[in-house]
Structures are given as C-alpha cells and as structure tokens.
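Morning, everyone. Please bring up the structure on your screens, and we'll walk through it together.

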Amino acid sequence: MEQLVSYLIRENKKIATAESCTGGLLASRLTDISGVSSVFEMGVVSYSNRIKTELLGVSKELLDSVGAVSEEVAKEMSKGVCKRADADIGVGITGIAGPTGGSPEKPVGTVWISFYLKSSGENPAFLLNLNGTRTDIRNKTCDIVTERLKELLGVK
C-alpha cells in the first residue's frame, strides 16, 4: 500500500473508493499512511442498493436485473465514485463476504472489483472467488485490489 500511495502522491493522482463487502477496509488501509490526504478525499461504504443508486449513480434497473454483486455494478461503482469525488481513479468493490448471503449462483467469496481511470476511460473489472472467513475474504479482497491497481498503474 505504501508503494501505491507514494506513486499517487508523486504523480498527483487522486483516488476515491466505493466499498460494499469490505466495509471501508480499503479506505482504512489508505488512511493508515501519512500524507495520503493529498490524494484521498473520499471513500464511500455503499452497503445498500439505495446508496449505490443515490450516491454513486448505479441504476436501479441494473441492480434489479443483475444484482449488486456483478461486474456491471462494480464498474458503475468505480466510475460513480470517481466522478462524485472528481478523482483520477475510482475503485469499486462489491461481493459476498459471508458467512451468510451466498447462493448457488453467487456463493460466499464471490467478489467483483473494478477500477475507473479517468484519463483513459478504462474501466476493467475482475471476478474474485475467495475462501475463508468473513475477515479473510475482506482482507484478501483489499490485498488483491492493491496489487491489481499497482499493475494497472505500472507501480514497481
């Protein structure tokens, strides 16, 4: 995380987060690092569909048709928080951390993560199929988000 924050500060790139199943853990990890306030102004815990719609601009029709835990919603979350915060990078996380809430189609450990890069309009999303406890799933998700974002940005 320190490498990522150092890169963001050096490049003057602002980041914003929209988290569901991680409940603000990614934002917490970011704010553990001194100096991050110059590049991190906003993190949203959008646990409910209402907040995803009202605050992040995720369409109710999309939520009704594909569900909150989906590629499409993760992408809308990352794009919505990026725009709302006027950031350079938006991160969206939605999933099922368990131990309840899973289904045969979307078992516990199903997590979608997405990144929106304002400069290029890129909006990649990745499906994670994780296992472990609720805490394990939340921690693994944040670890993977950090690594994927570093790869996307070319952070060494």
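This is a predicted model: local features need pLDDT of at least 70, side-chain atom pairs count only at pLDDT 80 or more; totals for chains, interfaces and linings use all residues.

Start with helix α1, residues 2-11, and helix α6, residues 134-153. Their axes come within 10 Å and cross at roughly 40°. That makes α1 oblique to α6. The crossing is left-handed. Which residues of α1 and α6 make the contact? From α1, they are Q3, L4, Y7 and L8. From α6, they are T146, L149, K150 and L153. Five of the contact residues are nonpolar, two are polar and one is charged.

Now α6 itself. It has 20 residues. From first C-alpha to last, α6 reaches 29 Å, close to the expected 28 Å. Its buried residues are I137, T141, C142, V145, T146, L149, K150 and L153. An α-helix has 3.6 residues a turn, so residues three or four places apart point the same way. What do the buried residues of α6 pack against? They pack against α1, β1, α2, β3, β4 and β5. After α6 comes G154, with a positive phi near 75°.

Last, the backbone. Most residues other than glycine have a negative phi, and most peptide bonds are trans. Look at N12, in the loop between α1 and β1. N12 has a positive phi of about 55°. D86 sits in the loop between α5 and β3. Phi of D86 is positive too, near 55°. N12 counts as exposed because its relative accessibility is 55%. D86 counts as exposed at 56%. Finally, the peptide bond from G98 to P99 is cis, with omega near 5°. P99 lies in the loop between β3 and β4.

How values were computed. Residues are numbered from 1 along each chain as its sequence is written. Side-chain values use heavy atoms; hydrogens and water are left out. Axes are lines fitted to C-alpha atoms, for helices over the stretch in contact, and angles run from 0 to 180 degrees between N-to-C directions. Helices (H or I, at least four residues) and strands (E, at least two) are DSSP runs, numbered from the N terminus. Angles under 35 degrees count as roughly parallel, over 145 as roughly antiparallel, 65 to 115 as roughly perpendicular and the rest as oblique. A crossing is left-handed if the near helix is turned anticlockwise from the far one by less than a right angle, and right-handed if clockwise. Contact means heavy atoms within 4.5 Å. Ala, Val, Leu, Ile, Met, Phe, Trp, Tyr, Cys and Pro count as nonpolar, Asp, Glu, Lys and Arg as charged, and the others, Gly among them, as polar. The expected span of a helix is 1.5 Å times one less than its number of residues. Buried means under 20% relative accessible area, exposed over 50%, partly exposed in between (1.4 Å probe, protein chains only).
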